[in-house]
Amino acid sequence: MIDETVRERSDARVLALGAGHLREIELMRTLGTAFVGEIVAVEQDEDALAVIEYAYAARGVRKLYVPTGRLLAGNHGLSGFDLVYAATMFNHLAQPSAATLCEQMFAMLNPGGRMLVANFVPDIADAGYLESYMAWQRIYRDEREMRTLIDGIPREQVADADLAFDGARNMIYLLVERQGAEELAESRQERLRERRIACRNELLRRITRRA
């Protein structure tokens, strides 16, 4: 998705939340000299940020220390991105916090931008190994729980929302696209037309009742 976003516009801005070591950069094909945009890697682990700076600063990646609490509170100043994604953060967030972060991610998008959220699904075969041997306590989500994460986002601002799984069905992905500028303008005009019609009908109803 990062490559796809950069192909669409060479000045694209991409935001990775809970970036870890950002190793997905190794798989990218579009971060050459033609790329004039920016990739921002957000983490609260300063050791991970040091790895990102050492490995990827020369490839247009900017590291940023932001604790999860500041992200949830909206105290981060992040905006104007064409792609915002979180590959691991949601496995550690309870449903209310996860929904809040989804709303924050959506607010960071440019018109026409997209956000991607990944989460482990319930009852995966490796859950016992992850929890017992690796001490990785995860919050798992099914399709219904993933869909409810965006209930707080105004529907008229959402162009599309979809779910997908990885090949082994261990991970579920929520992809949300924000309305483009033209679609948002058309949506506002449509809502205004609906309000005018509703007001006119109410006026006619009152006049008829009095007559």
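Modeller: Accessible areas here come from the Shrake-Rupley method with a 1.4 Å probe. On that basis the accessible surface of the chain comes to about 12,100 Å², and 49% of this belongs to carbon and sulfur atoms. The model is a predicted one.

Colleague: What makes up the chain in terms of helices and strands?

Modeller: There are seven helices and seven strands. In sequence order the pattern reads α-β-β-α-β-α-β-α-β-α-α-β-β-α. The C-alpha trace spans about 80 × 45 × 35 Å along its principal axes.

Colleague: Why is Thr68 called buried?

Modeller: Buried means under 20% relative accessible area. Thr68 has 18%, so the residue is buried. Thr68 lies in helix α3, residues 68–73. Leaving aside residues up to four places away in sequence, Thr68 touches Gln44, Met89 and Leu93. Across the 211 residues of the chain, 39% count as buried.

Colleague: Why is Asp162 called partly exposed?

Modeller: The partly exposed class runs between the 20% limit for buried and the 50% limit for exposed. Asp162 has 42% relative accessibility, and therefore counts as partly exposed. Asp162 is found in strand β6, residues 158–165. On the surface, Glu8, Asp160, Asp162 and Glu177 gather in a patch of negative charge.

Colleague: Which residues form the nonpolar patch?

Modeller: Tyr129, Tyr133, Met134 and Trp136 form it, with about 480 Å² of accessible area together. Met134 lies in the loop between α5 (127–132) and α6 (143–148). At 32% relative accessibility, Met134 counts as partly exposed, and that value is over the 30% needed for a patch.

Colleague: How do you know that Arg9 and Asp11 form a salt bridge?

Modeller: The cut-off is a side-chain nitrogen of Lys or Arg within 4 Å of a carboxyl oxygen of Asp or Glu. For Arg9 and Asp11 the closest N and O atoms are 2.9 Å apart, and the pair forms a salt bridge. Both partners are partly exposed: Arg9 has a relative accessible area of 38%, and Asp11 is at 37%.

Colleague: What makes Arg9 and Asp82 a salt bridge?

Modeller: Their closest N and O atoms are 3.5 Å apart, which is within the 4 Å cut-off. The pair links distant parts of the chain, 73 residues apart, with Arg9 in the loop between α1 (2–8) and β1 (13–17) and Asp82 in strand β4 (residues 81–86). Asp82 has a relative accessible area of 10% and is therefore buried. Arg9, Asp11 and Asp82 are linked in a network of salt bridges.

Colleague: Why is the Glu38 and Arg62 pair said to tie together separate parts of the sequence?

Modeller: The closest N and O atoms of Glu38 and Arg62 are 2.7 Å apart, and the two form a salt bridge. Glu38 lies in strand β2 (residues 38–43) and Arg62 in strand β3 (residues 61–65), so the pair ties together parts 24 residues apart in sequence. Arg62 is partly exposed, with a relative accessible area of 35%.

Colleague: How many salt bridges does the structure hold?

Modeller: Seven, including the pairs Arg9 with Asp11 and Glu38 with Arg62.

Technical notes:
Residues numbered from 1 in each chain as written. Predicted model: local features only at pLDDT ≥ 70, side-chain atom pairs only at ≥ 80, totals over all residues. Heavy atoms only, no water. Patch = residues over 30% accessible without salt bridge, like charges linked within 9 Å, V, L, I, M, F, W, Y side chains within 5 Å. Lys, Arg positive; Asp, Glu negative; His and termini not counted. Charge placed at Lys NZ, Arg CZ, Asp CG, Glu CD. Helix = DSSP H or I, 4+ residues; strand = E, 2+ residues; numbered from the N terminus. Buried < 20%, exposed > 50% of the residue type's maximum accessible area, 1.4 Å probe, protein only. Contact = heavy atoms within 4.5 Å.
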